[in-house]
Amino acid sequence: TYVSGATSALSLKQNPIDGSENQGDATLYIGTTNGGVYMRHYDYQSDTWSDQWTWLSEPSGSSESGYDGAQGIGALAISPDGNFIAVGRGNSSNYNIYTPSGPALQIGQILPDGSIDWLPVVPGMFLSGDTQSNNIRDLSWQDDGLFFSAVSGANAPAVSSQFGRLSVDEYGSITGFTSLAAVSNSVITSASAGADSPIFLSTLGGFLNTVDPNTGNTIVLQSDSWDQVRQQRVSDGERLARISVAPDPDVDGQYVALMGWFSHSAKNKYITHVDRLTVSAENTIVDVSSINFSGKAGDNQASPIGFFGNYSLLFDPVDPTLNTVLVGGNQYTDSHPDGDTPYTSTGGFVRGNFATQSIEAIFGPYKDNDGALVADSLLTGAPHADSRKSVEIRTSNGVEIIQSDDGGVWLLSPSPENPDIP
């Protein structure tokens with residue numbers, strides 16, 4: 001493990017792999033639920049990490065300089081030029097309202113050594129924390145602005161959500177704010193595929209939208225096939241919790257979006273379906289496929305309503321076709337993806353393939369017939385549970401995955417026996 005404690009936000013700044021002296025070197029920034037912002041360096045040539053984490057969010061006690069706000073971090077985003085980092089704050093715990101009220105967002109300049117020179121919080125910045133207002137869940141720093149989604153209220157029907165864009169100048173100063181969407185009794189989830197890609201967003205009902213970069217208007221993405229699937233999900237008591245997006249490798253201008261659902265109507269809010277949508281350049285949904293992860297990637301705590309939720313969702317970086325998805329949940333209890341009995345109720349992190357409909361455990365120890373641990377079941381991963389975020393890093397040994405959960409931050413390296421397993 002790289003650090004202990006619940007961690008909701010990951011953001012990686014990595015140099016291009018281009019043959020230069022510092023190619024592939026990276027700085028990993030993490031945001032913890034109540035411990036603030038940390039960084040750690042990765043050296044590509046030696047494939048090693050620095051020995052210690054560096055705390056970057058020591059309170060300054062001033063609104064004019066230094067870090068000004070709470071230590072409960074919900075999201076991080078690095079500017080397209082790599083010069084600045086935005087920190088979104090609010091209630092990122094899954095159990096109680098620990099984070100005190102304070103400015104919801106602050107921007108800092110990234111210095112050559114990776115440390116952060118915090119810029120003054122813009123006057124009038126909305127508040128987050130124990131006021132249960134504007135708790136930042138998602139941040140995407142695009143070429144045309146810093147987009148955010150925020151949640152207010154702990155439970156329906158009091159819960160509400162907004163999605164907006166902050167204009168940021170070349171010096172990292174916020175110069176304007178535009179509200180793009182606001183809903184009551186729902187949560188807005190958003191994601192993008194990169195600084196020059198569209199922003200995608202959805203409410204709990206799975207209505208997928210994108211933002212027109214020219215007008216700033218939101219566009220509803222529709223198709224008869226998706227409407228049928230979405231309506232069935234909602235009718236079955238499911239609601240949307242996560243989105244992940246990547247450029248379509250086969251068609252320029254198209255994107256592939258993952259829509260991650262959970263069991264809203266059930267007592268235990270577990271992960272259910274993940275849908276794969278192909279979105280054309282004309283903003284229509286041209287293909288839909290699905291995998292049912294119910295009981296295979298956690299048994300509770302996947303809901304994003306009120307609190308952060310334990311649900312990581314990303315494309316498998318070793319599959320260039322984008323037909324394989326990685327899903328992290330809270331824990332296995334009595335159901336293991338490979339059909340065995342879990343050894344302990346710990347970490348759920350699984351892989352599913354849309355073409356074959358197969359689901360397999362990437363991490364998840366299980367027992368043999370005598371109740372003993374099967375050593376080979378400890379492939380990779382964390383001995384805790386409650387997955388929150390995952391990002392990929394390009395190492396000198398190939399692509400690896402960094403996952404955060406309620407127990408810390410973990411590097412999921414390839415298995416020596418099977419290099420295709422991240």
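Strand β6 is joined to strand β7 (residues 84–89) by five bridges, and the two run antiparallel. Strands here are DSSP runs (E, at least two residues), numbered from the N terminus, and two strands pair if DSSP finds at least two bridges between them. Within this pairing, A75 lies opposite G88 of β7.

The model is predicted, so local features need pLDDT of at least 70 and side-chain atom pairs count only at pLDDT 80 or more, while totals for chains, interfaces and linings use all residues. Residues are numbered from 1 along each chain as its sequence is written, and side-chain values use heavy atoms, with hydrogens and water left out.

β6 and β7 belong to an open sheet of four strands in the order β6-β7-β9-β10, with antiparallel pairing. The edges are formed by β6 (73–78) and β10 (116–118); each has a single partner strand, so one side of each has no neighbour in the sheet. From one strand to the next the twist averages 30°, an angle between N-to-C directions, on a scale from 0 to 180 degrees, of axes fitted to C-alpha atoms.

Another antiparallel pair is β20 with strand β21 (residues 255–263), held over nine bridges. Here A246 has V256 in β21 as its bridge partner. Eight of the 10 residues of β20 are buried, so this strand is largely enclosed by the rest of the structure; buried means under 20% relative accessible area with a 1.4 Å probe, protein chains only.

β20 (238–247) also takes part in lining the largest cavity, where this strand and β12 (135–142) each supply at least two residues. A cavity is a set of points, on a 1 Å grid over the protein atoms alone, where a 1.4 Å probe fits but cannot get out; a pocket is an open set with protein on both sides within 12 Å along at least five of seven lines, and lining residues have an atom within 4 Å of a point. The search finds two cavities of 30 Å³ or more.

The largest pocket has about 1,600 Å³ of space. Its lining has 49 residues, of which S192, A193, G194, S390 and V391 lie nearest the centre. Strands that each supply at least two of the lining residues include β6, β12 and β20, while β28 gives the most, with seven.

Methods: Grid points are joined across faces, edges and corners, and a volume is the space filled by probe spheres set on the points. Buried means under 20% relative accessible area, exposed over 50%, partly exposed in between (1.4 Å probe, protein chains only).
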